[in-house]
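Please look over the sequence and the model before reading on.

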Amino acid sequence: MIFNLKKTAFWQLRRWSFLFKPAKLFCFFFLIFSLISVCFFYNSLEKGEPFLGVFFFLFWFFLELHLFYRFLKKPKLKHSLKEINDKFNLASFLSFDSFLILKKKKWVSHLINSSSKEVRMVFSRGQLKKPKAKQENIEKIVEGALETAEQRITPGDLLISLAEQSSFFKEHLIKEDFRKEDIENLVFWCRRIGKRKESKKKWWEKENLLNRGSLAKDFASSFTINLDKYCLDLREKVKKRGFREVVGHEKELKQIESILEKEEKNNVLLVGEPGVGRGSIIEELSQRIFCGKSSPNLNYKRVLIFDLSVLASKTTSQDEVEMELEKCFLESFEAGNVILVTEDFHNFLSENPSPGTINISGVLAKYLKLSQFRIIAITDYQGFHSVIERNSSLSGMFEKVEASEISERETLELLENLVPFFEAKHKRLIGYRALREIVNLSSRYLSIPFPEKSIRLLDESMAYLSTNTKDKVLEPRHIKRVVSQKTEIPLEDLEGKEKELLLNLEEKIHQRLIDQEEAVKSVSDALRRARAEVNLKSGPMGSFLFLGPTGVGKTELSKTLAEIYFGAETKMIRFDMSEFQHIDDIKRLIGTSKQEGLLTVKVREDPFSLILLDELEKAHKDILNLFLQVLDEGWLTDALGRKVDFKNTIIIATSNAGSALIQEDLKKGKTSEEIKEHLFDFLIKQGIYRPEFINRFDDVVYFKSLTKEDLMKIAHLMLKKLKTNLLDKGVKFEITLQLKEKIVELSYNPAFGAREMKRVIQDEVENVLAKELLSGKLKRGINVKVDPKNFNLLTW
Amino acid sequence: MIESSSKTPLFFKWLHWHFIECSGGILKAWGNFLSFNFNYFSILDLLKSLFSHWKKDKVSYGKGFSPLNWLNAFLSNMISRVLGAFVRIIVIVFGLFFEMVFLFLGLFLFLLWFFLPFLALVFLYFSLV
């Protein structure tokens, strides 16, 4: 592409900048002079006329110059950025600020130190140190900036492009733990603030004038005296509080608007989990209706939150409830300009209402058929499936709209919008890194949906910052402290620890697990890929199928991983898949409208965990199909229609399938590779697993049988554990080579791996020690060892 | 090489900006105000429902014919309609008043801006001569 700054309109402007730049100042001076002249010559205006005339003319002249300069700095382009091809001069698409930066010789340095709002935002809000600039290819960077540019290439776009293409800046960002996406987020954040301010400044624009609502639209609608007793008018709320920007949910809003506009079946059932933003959807709808920015049939109607719990508390019998409801609904129908909203709708449909609850279905059903009557009923999935769906005549009169969780990026945008409010409230600054941490940690450790969990975490973190510290800026460490307090997971040092852990994962695992080098390496590699975010797949952090005979360490490796990576063995969600042999067992995993799912609930409650599916081959085939999506997409929909996120889990499935075949191959003396290949063929030919299922795992790992040398090491590990336990009681236990050899001799059986060893140690060593301890023969300070010949204790 | 930004001489750019861009902007804002005011006072809606009952407050004539009841309903409905018309007319008058204010204010601002360069020169000339 062509890049020539000298051919641009800004270059032409450069010559006249001596006149334009001071225009604002001169304009101000001559305005003052004009006013002074008027005051001074007030009594003899004729004498002052020449001064006044000259001053007024100069005031106008410089005002005109100043305004014209502003226009020249943002000239209209004849072509849009989408139309650009090789024939265009790229430089003509630069913003004035970018032009000023790029015309300098050391433009990279000028860009980094620029006073442009976008660049300042990146370095100040992002708490990013400025790097030492090195020159870069100007054309390459400007061309790259086209990707993010909207109307013109701004300094922010140039900085994003620099982060993408410049090696020195990339290195600097890695050092500072910053990514290109972070720079993008900050530039877009600044751009949004700028647009909002710009839009507010133009108070004469139609959009801004419409925000004042209207008078007299209700004159043709009747009063709703009874209804008003139980309602909150969202229109009044908008008038008092002003406008709030809602992020996401555009699809749901459009659906609701089109349903409400219909002549028939114009009632909405808004289904979503608490915290996904159902209230925000209603607020945004009421804002649009108040300003007349919705559809013509809905504009200027009243959106009323009908508080049925107040009605329930003021009435004593079902008859009284029905009478009062009849009045309210009739008023709503007759007024013709009311859209009712009821929260927790499922709570008011109980067939046998207990004290404090009411059943509105009878009265409501009558009105739902009327086109003048509009209602938005809000419920959650549990309430929808367990109550509303069963009442088919009632649910048939509603159109269902599902409110889904907003994405992490949208949540970040929402938090950015909330920053001014929280900063003003707590008189503290909020760094971008803290916001990023809030989204990351709430995604990983908190179970309620986005955006609620992130908003709550921001609120709690700000409260923590202002009450427990003297710090002026909210930083990631504060967020970690708050999350640690909430979840009891030691996060504060995890970042540094995690890096160290991941780099030395094999070593850490081998402190508990003997041999199985290939399996350990495979798991460690996959985890490193997942945490460094270099893998492209969208499933869980890692997914593995462990194959091999029993007792070779499959479950032990999973436990070790849970302890090392997730902090405790208890962070492992374990399922014995032999308990899920029937198709009906799917319900136990994903739940029904009556009962919670064993798998889905645990993952919702603890999204950062290890899932162990033991003896997978014993599970029903359809249950395996259920995991196809989890392994592929990283989410699952439970029986209530809720999306359960598995992206922060590691899934390990173990399988003993083909054990007999492994034994035969071992007897024949085949190598591990040969056994693995043979085993795969067997599993697929026998239809135990389908190829597409096996391929969904990050890795399928074969655990080889343990040798006598491995068993010796395992025996040592087990006896060491025993030694530690005895040491707590003051008894020093000596582990001898002869004892280990004897234990291995008694327990060696390739079919059972190390499992038999546990039994031998228990029967021959632990039992004897227990008896001696109870009889009081083993006292504090005594040294003890076991005679391998007869397993008697020798003390000294 | 295609240039996307215009490189006409600054004086012509100024002429375009002052007399087309800015004047057009003022006309647009003027139009916005007139339409906003018309909508804010709901003038069209009020005219359409000028003689409707005030807040839909009407009395039913009931079944059968009872002269007293009929008279009662008729008078009540008449009062409601008259009251409705009265309030609506007041709002319409207010609305039209502001509409006129915006109409003349907008016209004045537009003309002032359009002729400001000439006015400034004339003012300078007469003050110096």
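A crossing of two helices is called left-handed if the near helix is turned anticlockwise from the far one by less than a right angle, and right-handed if it is turned clockwise. Helices (H or I, at least four residues) and strands (E, at least two) are DSSP runs, numbered from the N terminus. This is a predicted model, in which local features need pLDDT of at least 70 and side-chain atom pairs count only at pLDDT 80 or more, while totals for chains, interfaces and linings use all residues. Residues are numbered from 1 along each chain as its sequence is written, and chains are lettered from A and ligands numbered from 1 in the order in which they are written.

**Chain A**

- The secondary structure of chain A comes to 38 helices and 18 strands.
- The radius of gyration of chain A is 36 Å, well over the 28 Å that the globule rule gives for 796 residues, so chain A is more spread out than a compact globule; this radius is taken over C-alpha atoms, and the rule is 2.2 Å times the number of residues to the power 0.38.
- The C-alpha trace of chain A spans about 130 × 80 × 60 Å along its principal axes.
- Of the 796 residues in chain A, 40% are buried, where a residue is buried if 20 or more other C-beta atoms lie within 10 Å of its own, exposed if 12 or fewer, and partly exposed in between, with C-beta atoms placed from the backbone.
- Leu31(A), which has its place in helix H3 (residues 23-40) of chain A, is partly exposed, with 17 other C-beta atoms within 10 Å.

**Chain B**

- Chain B has 3 helices and 0 strands, and its elements run α-α-α from the N terminus on.
- With a radius of gyration of 27 Å, well over the 14 Å that the globule rule gives for 129 residues, chain B is more spread out than a compact globule.
- Along its principal axes the C-alpha trace of chain B spans about 85 × 50 × 10 Å, and 13% of its 129 residues count as buried.

**Where the chains touch**

- In all, 36 residues of chain B are in contact with 40 residues of chain A, two residues being in contact if their C-beta atoms, placed from the backbone, lie within 7 Å.
- On the side of chain B that touches chain A, the elements giving two or more residues are helix H1 (10-40), helix H2 (43-48) and helix H3 (67-128) of chain B.
- By class, that side of chain B has 19 nonpolar, 9 polar and 8 charged residues; Ala, Val, Leu, Ile, Met, Phe, Trp, Tyr, Cys and Pro count as nonpolar, Asp, Glu, Lys and Arg as charged, and the others, Gly among them, as polar.

**Helix packing in chain A**

- Helix H15 (residues 250-261) of chain A and helix H16 (residues 278-291) of chain A pack at an angle of about 60°, with their axes 10 Å apart; axes are lines fitted to C-alpha atoms, for helices over the stretch in contact, and angles run from 0 to 180 degrees between N-to-C directions.
- That makes H15(A) oblique to H16(A), since angles under 35 degrees count as roughly parallel, over 145 as roughly antiparallel, 65 to 115 as roughly perpendicular and the rest as oblique.
- The crossing of H15(A) and H16(A) is right-handed, and in it Glu252(A), Leu253(A) and Ile256(A) of H15(A) meet Ile281(A), Glu284(A) and Leu285(A) of H16(A).
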